[in-house]
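Me: I've got a structure to go through and I'd like to ask about its pockets and ligands. Can we take it step by step?

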Amino acid sequence: MARDIQDDRPATGPKHVAIIMDGNGRWAQNRGRPRLFGHHAGARRVREIVEACPDLGVKYVTIFAFSTENWKRTQTEVAGLMKLFHRYITREARDLFDEGVRVRFIGDRVKLDEKLVSLMDELELLTSGNSRVNLTIALNYGGRDELTRAAKRLAYEIEAGRLTHKDVDAETLAKFLDTHVLPDPDLVIRTSGEARISNFLLWQSAYAEYEFIDTLWPDFTAEVFAGLVQNYGARDRRFGAVKA
Ligand code: IPE
Ligand code: IPE
Ligand code: MG
C-alpha cells in the first residue's frame, strides 16, 4: 500500500537532496577487489538513504548513478554497471513500491538498451501513485546533455510554430528539462573527497548548498546523511539578496 504524504519536515530542512554517489571504485580497490564489487556495495546503500528521508523531512532525493561521461570506462565496467541497474530495478521494485517511494529516471534513454528502458518505464508507472518520498535516479545523465536536448526540443517547438523566440525565458526552458516536475535541489552532497560536480544538475543547482565529504559512497550511512541534513539548517541562503 502506498502511504500518504507526511509533511513533518522541519521548516529549515532541505526538501530536495541530490547526491553524487562517488567512491565505489576506490572502496573496492582498498579491499583488493574489482571495481564492480564496489558498485554492488554502493547500490546496497541506496535503500537505507531513501528510507531515512521521510523522518528527516526530505521529500525528494536524486541520485547520480551513471553519467554521460561514464561510457568512457572499460567495457567490463560499463556492462557490469548496466547489469547491476537491471538487477537493482527488478529486485527493488516491490520494496520501493511498498515503502511509498515514487521513482523517476532522468537522463537520455536513447543510448540505454531496450530491456533496461522498459524496466525503467515499468517502475515509474508502478510507483506513480506514491508520494511518501520521490526518488529520482540519474542514469546516462549529464547536465550539458540535458540542456542541449532541452534546447533542441525548444527549437523544434519554434520551428513548428507552437512557440516564438519571445517565449524563451528561464521558466520555459526549465519545462523542457528532464527535471521539469521536480523542485530544484536545496542540498547537493558529493562523497569520496572530490570537490567537483561532474556535470550533475548544472541548471537546477544554481543556488544549492554543497557538502563535499570524504566518506566513500559504500560507507555512507543514514547517520552521516542525517548529520548533513541537520547542518543544512544552519546555512543562510540569500539567493543574491541582502538580509534585512
Ligand atoms: C561512483 O563511483 C559510481 C559511478 C560513477 C558509476 P566510482 O566508480 O566513480 O568510484 P571511484 O571514484 O573510481 O572511486
Ligand atoms: C560522477 O562521478 C558520476 C556519478 C557518480 C555517477 P565520476 O567518478 O564519474 O566523476 P569524475 O570522473 O571523478 O569527475
Ligand atoms: Mg568516481
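Me: Let's start with the lining of the largest pocket. Which elements each supply at least two residues of it?
Reply: Keep in mind that this is a predicted model. To make the list, an element has to give at least two residues to the lining. The ones that do so are α1, α2, β2, α3 and β4 (133-141).

Me: How much space lies in that largest pocket, about?
Reply: The pocket is lined by 33 residues, and Met21, Asn24, Phe64, Ala65 and Asn70 are the closest to its centre. As for the space in the largest pocket, think of about 710 Å³.

Me: Now for the ligands. Where does ligand 2 sit?
Reply: Look at what surrounds ligand 2: Met21, Phe64, Ala65 and Asn70 are among the residues there. Those names also turn up in the list of residues closest to the centre of the largest pocket. Ligand 2 sits in the largest pocket.

Me: Which strand gives the largest share of the shell around ligand 2?
Reply: The shell around ligand 2 has five nonpolar, two polar and four charged residues. Phe64, Ala65 and Phe66 are among the residues in it, and the largest share, three residues, comes from one strand spanning residues 60-67. That strand is β2.

Me: How much of ligand 2 does the protein bury?
Reply: Start with some polar contacts. Side-chain atoms of Asp22 and Arg73 each lie 3.2 Å from an oxygen atom of ligand 2, and for Arg190 the distance is 3.3 Å. Taken alone, ligand 2 exposes 390 Å², and the share of that buried by the protein is 78%.

Me: And ligand 1? Which residues around it come nearest?
Reply: There are 13 residues around ligand 1. By class, three are nonpolar, five polar and five charged. The nearest are Asp22, Gly25, Arg26, Arg35 and Arg73.

Me: What share of the accessible area of ligand 1 does the protein cover?
Reply: Several atoms reach towards the oxygen atoms of ligand 1. A polar backbone atom of Asn24 is 3.2 Å from one, a backbone N or O atom of Gly25 is 2.9 Å from one, and the side chain of Arg35 has an N or O atom at 2.9 Å. Of the 380 Å² of accessible area that ligand 1 has on its own, the protein covers 87%.

Me: Which element gives the largest share of the shell around ligand 1?
Reply: The space taken by ligand 1 is the largest pocket. Elements that give two or more residues to its shell are α1 (24-29), α2 (35-56) and α3 (75-98). The largest share, three residues, comes from α1.

Me: Last one, on the second largest pocket. Which element gives the largest share of its lining?
Reply: This pocket holds about 160 Å³ of space, and its lining is His40, Ala43, Arg44, Leu84, Arg87, Tyr88, Arg91 and Glu92. By class, that's three nonpolar, one polar and four charged. Both α2 and α3 supply at least two residues, but the largest share, five residues, comes from α3.

Technical notes
Residues numbered from 1 in each chain as written. Chains lettered and ligands numbered in written order. Predicted model: local features only at pLDDT ≥ 70, side-chain atom pairs only at ≥ 80, totals over all residues. Heavy atoms only, no water. Near = heavy atom within 4 Å. Polar contact = N/O pair within 3.5 Å; in protein donor to acceptor, adjacent residues only side chain to side chain. Areas by Shrake-Rupley, 256 points an atom, 1.4 Å probe, with all protein chains shown as cover. 1 Å grid on protein atoms, 1.4 Å probe; cavity = no way out; pocket = protein on both sides within 12 Å on 5 of 7 lines; lining within 4 Å. Sits in = over half its atoms within 2 Å of the grid points. Helix = DSSP H or I, 4+ residues; strand = E, 2+ residues; numbered from the N terminus. Nonpolar A, V, L, I, M, F, W, Y, C, P; charged D, E, K, R; others polar. Points joined across faces, edges and corners; volume = space filled by probe spheres on them.
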